[in-house]
Amino acid sequence: MSFARNDRKVRVDSGREFPIDPGADTEAAFAAVIADALRRDFGDAPTHVKHIARLTGVNGRTVQNWLQARNGPSGSGLVVLMRHSDEVTAAVLTLADRLDLRDRAAASIRLSDLRKAILAVLPHLPDA
């Protein structure tokens, strides 16, 4: 089944853009930042594409478009990605200019990792 022309997003490959639309730059920056975060966290191998597709419930081609920064994920897809990826969460907080929350979340993760390491070492220490 083919889609009607008005149901599809047509991409122009000529390189021409409308200079008046400030939202176009924002959407392109969003897609690029999310693509970088996804590649850092998941990579872009076909198995990773399938894994992201299963997590978000979208098809593999959509995930490939995200990884190539052609499109960014929708709101629900973004929430699922943030649930499974610290890199995506940090990228979204950076885009939202919420660096304080990003830094607190990173510190909390580091503290949790440190706590786990200390608890793993404690049984091996000699009694004093």
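Helix H2 (residues 46–56) and helix H3 (residues 60–67) have axes that come within 9 Å and cross at roughly 110 degrees. The model is a predicted one, in which local features need pLDDT of at least 70, side-chain atom pairs count only at pLDDT 80 or more, and totals for chains, interfaces and linings use all residues. Residues are numbered from 1 along each chain as its sequence is written, and side-chain values use heavy atoms, with hydrogens and water left out. Helices here are DSSP runs (H or I, at least four residues), as are strands (E, at least two), numbered from the N terminus. Axes are lines fitted to C-alpha atoms, for helices over the stretch in contact, with angles running from 0 to 180 degrees between N-to-C directions.

That crossing angle makes H2 roughly perpendicular to H3 (65 to 115 degrees; under 35 would be roughly parallel, over 145 roughly antiparallel, and the rest oblique). From H2, the contact (heavy atoms within 4.5 Å) draws on Val 49, Ile 52, Ala 53 and Thr 56, and from H3 on Gly 60, Val 63, Gln 64, Trp 66 and Leu 67. By class, these contact residues split into 6 nonpolar, 3 polar and no charged, where Ala, Val, Leu, Ile, Met, Phe, Trp, Tyr, Cys and Pro count as nonpolar, Asp, Glu, Lys and Arg as charged, and the others, Gly among them, as polar.

H2 also packs on helix H4 (residues 75–84): the axes come within 9 Å and cross at roughly 115 degrees, so H2 and H4 are roughly perpendicular to each other. This crossing of H2 and H4 is right-handed. Ile 52, Leu 55 and Thr 56 of H2 make the contact with Gly 77, Val 80, Leu 81 and His 84 of H4, giving 4 nonpolar, 3 polar and no charged residues.

Next come H5 and H6. Their axes come within 8 Å and cross at roughly 155 degrees, and the two helices are therefore roughly antiparallel to each other. H5 passes H6 in a left-handed crossing. In H5, Asp 86, Ala 90, Leu 93 and Thr 94 meet Leu 99, Leu 101, Arg 102 and Ile 109 of H6, a set with 5 nonpolar, 1 polar and 2 charged residues.

The second largest pocket is lined by Asp 86, Glu 87, Thr 89, Ala 90, Leu 93, Arg 102, Ala 105, Ala 106 and Ile 109. On a 1 Å grid over the protein atoms alone, a pocket is an open set of points where a 1.4 Å probe fits, with protein on both sides within 12 Å along at least five of seven lines, and lining residues have an atom within 4 Å of a point. Its volume is about 160 Å³, taken as the space filled by probe spheres set on the points, which are joined across faces, edges and corners. Helix H5 (86–95) and helix H6 (99–121) each supply at least two lining residues, with H5 giving the most, 5 residues.

How values were computed:
Left-handed = near helix turned anticlockwise from the far one by under 90°.
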